[in-house]
Number of protein chains: 2
Amino acid sequence: MLTKADFTAAQKRAAVMIRESGICISDEESQKVDVADFGLGRLEVEGAQILTLLATDRIAVKIIILFPRQTLPEHWHPPVGDDPGKEETIRVVSGDVRVYIPGEDNLKEGFIPAGQEEVYTMRNELILKPGQQIMFPPGMKHWFRAGEEGAVMYSFSTVARDILDGFTDPDIKRVTEIQEA
Amino acid sequence: MLTKADFTAAQKRAAVMIRESGICISDEESQKVDVADFGLGRLEVEGAQILTLLATDRIAVKIIILFPRQTLPEHWHPPVGDDPGKEETIRVVSGDVRVYIPGEDNLKEGFIPAGQEEVYTMRNELILKPGQQIMFPPGMKHWFRAGEEGAVMYSFSTVARDILDGFTDPDIKRVTEIQEA
């Protein structure tokens, strides 16, 4: 649950970060930035801001904005009917992003949100800088966390059906609930 | 046919334009910019520079760079097997782009390359500026031309099989031939 004021403040802050990263968006687009607290109610720790530039029944292009040290919770894109699941490539535009995927545990202490160790199971850490990218095949669990300056990145993918994503944390609700003032 | 020197010069010029547009690319990527004269041998008039950031069997992301007044010839993306054809969205990053699609003829005189009137049949003109985008459904004929300052744009699409694109001009060869010095 987010208050309307918190939602709007996060939306504005994200739009400023997009523009500071050098990406040109319209005023209309800046007002369409979605703010996701994943139902956890601690946006600054676990959450993400997402602007969808394009979403058809075949592809999607989004801008993901993370505030400093903000963590996007561990999730994966399951098969849906004939679709083997969303294939997604993240390409960093500004800031640096710690990405966690299957593989050897080389995660630095203190990078998992406090008390959430059980729902962040991928421990192979890569650090991506502007101009670097990584592809997540369908079904691959992943999560990421912005560095000290926050981060702006593109998500290029096949058709996005966010509501069907799987999350390791059973407390997560993908759709943000907004508390009207 | 392009000389190796012309190819390299166009590649370097395109990489500078990408970076001036605010997009961060690696040095390795800058050396992968493709230069297409479409076999017509007049690159500055009809041609394009293209950097593929991502190409899987499901999606593709490219940066298209056009020099001032350079025209990307009329073409379309046909069906291939079970695929209804490539769906492509162009989003402008810098400069302005005149896009031509089916519809009312409102094309300004002098915007078709001289002597090429017969192979530029789409005459409905839209002008896209940075942050604006347009989607071409599979099969829709389209061509575009940069303004006075050239242009940098993203192409977000389903799987790209450029070699199978259809071109209105029968003289076009999609693969650039390079004349070794």
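Which exposed residues does the face of α1(A) turned away from its buried side carry? In this predicted model, that face carries A:Ala5, A:Lys12 and A:Glu20.

Helix α1 of chain A covers residues 4–20. Its 17 residues reach 24 Å from the first C-alpha to the last. This is close to the 24 Å expected at 1.5 Å a residue. The buried residues of α1(A) are A:Phe7, A:Ala10, A:Gln11, A:Ala14, A:Ala15, A:Met17 and A:Ile18. These residues cover an arc of only 160° around the axis, which puts them on the same side of α1(A). The helix is followed by A:Gly22, whose phi is positive and near 100°.

Helix α1 of chain B also spans residues 4–20. Buried positions in α1(B) are B:Phe7, B:Ala10, B:Gln11, B:Ala14, B:Ala15, B:Met17 and B:Ile18. Viewed down the axis of α1(B), they fall within an arc of 160°, so they line one face of the helix. The other side of α1(B) holds the exposed residues B:Ala5, B:Lys12 and B:Glu20. Just after this helix, B:Gly22 takes a positive phi of about 100°.

Strand β4 of chain A, residues 59–66, is mostly covered. Eight of its eight residues are buried. In a regular strand, side chains alternate between the two faces of the sheet. Both faces of β4(A) are covered. On one side A:Ile59, A:Val61, A:Ile63 and A:Ile65 are buried. On the other, A:Ala60, A:Lys62, A:Ile64 and A:Leu66 are buried.

β4(A) has antiparallel pairings with β3(A) and with β11(A). Six bridges join it to strand β3 of chain A, residues 48–55. β3(A) and β4(A) form a hairpin, with three residues between them. Within this pairing, A:Gln49 has A:Ile65 of β4(A) as its bridge partner. Eight bridges link β4(A) to strand β11 of chain A, residues 151–158. Here the bridge partner of A:Ala60 is A:Ser157 in β11(A).

Elsewhere in chain A, A:Tyr120 sits in the loop between β7 (97–101) and β8 (124–128). At 1% relative accessibility, A:Tyr120 counts as buried, because the cut-off for burial is under 20%. A:Tyr120 and A:Lys141 are 21 residues apart along the chain. Their C-alpha atoms are separated by 9.6 Å.

In chain B, five strands form an open sheet with antiparallel pairing. Their order is β8-β7-β10-β5-β12. β8 (124–128) and β12 (166–167) stand at the edges of this sheet. Each has a single partner strand, so one side of each is left without a neighbour in the sheet. Inside the sheet, four bridges join β7 (residues 97–101) to β10 (residues 142–146), and these two strands run antiparallel. B:Val99 stands opposite B:Phe144 in β10(B).

Rolling a probe the size of a water molecule over the atoms shows where empty space is left. The count comes to six cavities of 30 Å³ or more. The largest cavity holds about 190 Å³ of space. It is lined by 18 residues. Those nearest its centre are A:Gly22, A:Ile23, A:Tyr154, B:Ile23 and B:Tyr154. A:Gly22 is also the residue that follows α1(A). β6 (88–94) of chain A and β6 (88–94) of chain B each supply at least two residues of the lining. By class, the lining of the largest cavity has ten nonpolar, six polar and two charged residues.

The largest pocket has a volume of about 220 Å³. Its lining consists of 13 residues. Nearest its centre lie A:Arg58, B:Arg58, B:Asp83, B:Thr158 and B:Val159. By class, the lining of this pocket has three nonpolar, two polar and eight charged residues.

Methods: Residues numbered from 1 in each chain as written. Chains lettered and ligands numbered in written order. Predicted model: local features only at pLDDT ≥ 70, side-chain atom pairs only at ≥ 80, totals over all residues. Heavy atoms only, no water. Expected span 1.5 Å × (residues − 1). Buried < 20%, exposed > 50% of the residue type's maximum accessible area, 1.4 Å probe, protein only. Arc of directions from axis to C-beta. Pairing = 2+ DSSP bridges. 1 Å grid on protein atoms, 1.4 Å probe; cavity = no way out; pocket = protein on both sides within 12 Å on 5 of 7 lines; lining within 4 Å. Points joined across faces, edges and corners; volume = space filled by probe spheres on them. Nonpolar A, V, L, I, M, F, W, Y, C, P; charged D, E, K, R; others polar.
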